[in-house]
Amino acid sequence: MKLVVIICVEELSDLARDLLKKTQVPAFSETDIKGTRIIEENTSDNWFADKHALDNSRLFFTFCNEQKATQVLQAVTECKINTQNEHVHAFQLNIEKNIS
């Protein structure tokens, strides 16, 4: 059993959903998250300048077998190449034990 996670900026949520549907995962969940980019320290005297940039993002996850996990990660890889997009990330984790 694998846990596959896709993280993307909010604007690409539909794309992530389409990838999961295209690969026919049996079910998936999603939730809003806030991504934070740390901006290098601003040396100006402008105290209004923020050192953190927040991005609205989405986190998708699904539990599936190894074959399906490979399909999802391949679909994300192809998507990133075809769209030259840096704002979609995916990974898989092994599930040692589960209770269904």
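**Close-up views of a predicted model**

**View 1. The overall fold.** From the N terminus on, the elements of the protein follow the order β-α-β-β-α-β. That makes two helices and four strands. The model is predicted. Of its 100 residues, 30% count as buried. The accessible surface comes to about 7400 Å². Carbon and sulfur atoms hold 51% of that surface.

**View 2. The largest pocket.** The volume of the largest pocket is about 210 Å³. Its lining includes Ile7, Cys8 and Val9. Gly35, Thr36 and Arg37 also line the pocket, as do Asp55 and Ser57. Glu86, His87 and His89 complete the list. Three strands each supply at least two lining residues: E1 (2-9), E2 (29-38) and E3 (52-64). By class, the lining has three nonpolar, five polar and three charged residues.

**View 3. Cys8 and Cys79.** A search of the whole structure finds zero disulfides. Cys8 is in no disulfide, and the nearest cysteine sulfur, that of Cys79, lies 9.3 Å away. A disulfide needs the pair of sulfur atoms within 2.5 Å. Both cysteines are buried, Cys8 at 2% relative accessible area and Cys79 at 8%. Cys8 also belongs to the lining of the largest pocket.

View 4. Val4 is found in strand E1. Is Val4 buried or exposed? Its relative accessible area is 1%, so Val4 counts as buried; the cut-off for buried is under 20%. Which residues does Val4 touch, leaving aside those up to four places away in sequence? Phe60, Phe61, Thr62 and Cys64 are among them. Ala69, Val72 and Leu73 also touch Val4. So do Phe91 and Gln92.

**View 5. Val4 and Glu66.** This view takes up one pair of residues. Val4 and Glu66 are 62 residues apart along the chain. Their C-alpha atoms are separated by 9.7 Å. Val4 sits in strand E1, a strand that spans residues 2-9 and supplies at least two residues to the lining of the largest pocket.

Note on methods
Residues are numbered from 1 along each chain as its sequence is written. This is a predicted model: local features need pLDDT of at least 70, side-chain atom pairs count only at pLDDT 80 or more; totals for chains, interfaces and linings use all residues. Side-chain values use heavy atoms; hydrogens and water are left out. On a 1 Å grid over the protein atoms alone, a cavity is a set of points where a 1.4 Å probe fits but cannot get out, and a pocket is an open set with protein on both sides within 12 Å along at least five of seven lines; lining residues have an atom within 4 Å of a point. Grid points are joined across faces, edges and corners, and a volume is the space filled by probe spheres set on the points. Ala, Val, Leu, Ile, Met, Phe, Trp, Tyr, Cys and Pro count as nonpolar, Asp, Glu, Lys and Arg as charged, and the others, Gly among them, as polar. Buried means under 20% relative accessible area, exposed over 50%, partly exposed in between (1.4 Å probe, protein chains only). Accessible areas come from the Shrake-Rupley method with a 1.4 Å probe; for residues, only the protein chains shown count as cover. Contact means heavy atoms within 4.5 Å.
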